[in-house]
Amino acid sequence: MVLENYRKVRGEIDDVCLKYGRKPEDVLLLPVSKTKPVEMIRELYDAGVRDFGENYVQELRSKHEELPKDIRWHMIGHLQRNKVKYIAPFVHLIHSVDTVELAATIDKEAAKCGRTIPILIEVNAGGEESKFGLTVADTPAFLGEIRSFKNIEIRGFMTSAPYVEDPETIRFVFRDLYKLSLDTTLKNNNNDLGNILSMGMSNDYHVAIEEGATIVRIGTDIFGARDYSH
């Protein structure tokens, strides 16, 4: 069932891309496996899927230890500085960097591991008080503050839109992040700033892709609803 769900979502992503003149291979479908058992991940892994997203460091570490080492793990949840050391040796991409202090810690722990860790800047493009992330207005200055770090690689931006019944009402969130990405690159000639836009989840990924998403983070539509009672 998990693989069937994955293929269904992948097919919908491809359809949206083709409709809007984008290449399907330019949009990564990132299964978000938080709270889900490793057996579900293995089903996708056996079918060739290698990228997975997790929200919690402890769960990410545990699954990394238990599953094949060629999996590319994405840390997409809020990351506390004192936990960076646990994922620094292996994490593929950290989506949720929004303070200079966190960027400095990732830089330090990456240096200890002898590697450069790719990161995304988390932007609260929807302006929700309950969410982490920089404002769109503060992001260019923030980039300037962390540009000197040698062991992180800025690859782009991430945002989470408000949950709404009609995704059209939050289209502006994705559009603003896409515009920020263009403006930042053009204004600062950021040769090291990648073009990743991690935006769009189960309820709004169609709109996110239409507005330029290159990674969509899908949990429920692949793994089913989550049970948080345990």
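Let's start with His74, which is buried, with a relative accessible area of 1%. Buried here means under 20% relative accessible area, exposed means over 50%, and partly exposed is in between, using a 1.4 Å probe and protein chains only.

A quick word on the model. It is a predicted one, where local features need pLDDT of at least 70 and side-chain atom pairs count only at pLDDT 80 or more, while totals for chains, interfaces and linings use all residues. Residues are numbered from 1 along each chain as its sequence is written, and side-chain values use heavy atoms, leaving out hydrogens and water.

Back to His74, then. You'll find His74 in strand E3, residues 72-75; strands (E, at least two residues) and helices (H or I, at least four) are DSSP runs, numbered from the N terminus. Which side chains make a polar contact with the side chain of His74? One is that of Asp51, at 2.8 Å, and another is that of His95, at 2.9 Å. A polar contact is a pair of N or O atoms within 3.5 Å; within protein, one must be able to donate a hydrogen and the other to accept it, and residues adjacent in sequence count only if both atoms are side-chain atoms.

The largest pocket holds about 570 Å³ of space. Among its 25 lining residues, Lys34, Asn55, Ser160, Met201 and Arg217 are the closest to its centre. On a 1 Å grid over the protein atoms alone, a pocket is an open set of points where a 1.4 Å probe fits, with protein on both sides within 12 Å along at least five of seven lines; lining residues have an atom within 4 Å of a point. A volume is the space filled by probe spheres set on the points, which are joined across faces, edges and corners.

Is Glu128 buried or partly exposed? Glu128 is partly exposed, with a relative accessible area of 22%. Leaving aside neighbours within four places in sequence, Glu128 is in contact (heavy atoms within 4.5 Å) with Ser160, Ala161 and Pro162. Glu128 and Ala161 are 33 residues apart along the chain, and their C-alpha atoms are separated by 8.6 Å.
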